[in-house]
Amino acid sequence: MFDATENDPISPAMRALLEVFSTELSEVKFPDVDTEVLEEGASRVREQAEAVARAQAALEAARQALADSQDALLQKGQRALAYARVFSEEDAELSAKLEAISLPKRGVRVETGVAPEASAQNEENSPRRRGRPPKTRPSAPLFNEGSAPEAAVAAEPSVSAAAVTPRPVAA
């Protein structure tokens, strides 16, 4: 399950030591440590890493099964709530209790919020807005730093009465 480079649970330094003990030091035996003991320990580490990988896969499958069950329950709950609301139209007390219940919409996970796939699909499938796009306001400050509002007003070009000439209106 593990290859010798990418997914090996044994560090590169430990692999290098195992290599040295399996080649140059294969005949050397230290107290409680030799090639056989190291290879046995490495084998145990790889077995435990495989057990962890299997457990993680089983956990992911269990999480997916839980999510599927929650989605199925949510669908049934939404249908039941809709039926109950119609049924309770004549009973104000029951109707008020049912109106207080708010189930999440389909595709929404309680733990993570909106499912990323669902929000991306909604944006792609939604109709385009019609009309002119909204104007964007410049993000410049209202006044220049260090200047008073009067200076900003004085800096603006003013329209003089001479510049405006009335046009005659045809009768």
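Guide: Let's start with a term: a nonpolar core is a set of buried Ala, Val, Leu, Ile, Met, Phe, Trp, Tyr and Cys residues joined through side-chain atoms within 4.5 Å. Buried here means under 20% relative accessible area. Keep in mind that this is a predicted model.

Visitor: Which residues make up the largest nonpolar core?

Guide: That core has five residues in all. The elements giving two or more residues to it are H1 and H2. Its members are Ile10, Leu18, Phe21, Leu38 and Ala42.

Visitor: What does isoleucine 10 contact, leaving aside its neighbours within four places in sequence?

Guide: Contact means heavy atoms within 4.5 Å. With those neighbours left aside, the partners of isoleucine 10 are Arg15, Leu18, Ala42, Val45 and Arg46.

Visitor: At what angle do H1 and H2 pack?

Guide: Two packed helices are described by the angle between their axes and the distance between the axes. H1 covers residues 12-22 and H2 covers residues 35-87, and their axes lie 9 Å apart. Their crossing is left-handed. The packing angle is about 145°.

Visitor: How many residues of the contact of H1 with H2 are nonpolar?

Guide: H1 brings Leu18, Phe21 and Ser22, while H2 brings Thr35, Leu38, Glu39 and Ala42. Among these contact residues, two are polar and one is charged, and the nonpolar ones number four.

Visitor: In what order do the elements of the protein chain run?

Guide: The chain has five helices and two strands. Starting at the N terminus, the order is α-α-α-β-β-α-α.

Note on methods
Residues are numbered from 1 along each chain as its sequence is written. This is a predicted model: local features need pLDDT of at least 70, side-chain atom pairs count only at pLDDT 80 or more; totals for chains, interfaces and linings use all residues. Side-chain values use heavy atoms; hydrogens and water are left out. Axes are lines fitted to C-alpha atoms, for helices over the stretch in contact, and angles run from 0 to 180 degrees between N-to-C directions. Helices (H or I, at least four residues) and strands (E, at least two) are DSSP runs, numbered from the N terminus. A crossing is left-handed if the near helix is turned anticlockwise from the far one by less than a right angle, and right-handed if clockwise. Ala, Val, Leu, Ile, Met, Phe, Trp, Tyr, Cys and Pro count as nonpolar, Asp, Glu, Lys and Arg as charged, and the others, Gly among them, as polar. Buried means under 20% relative accessible area, exposed over 50%, partly exposed in between (1.4 Å probe, protein chains only).
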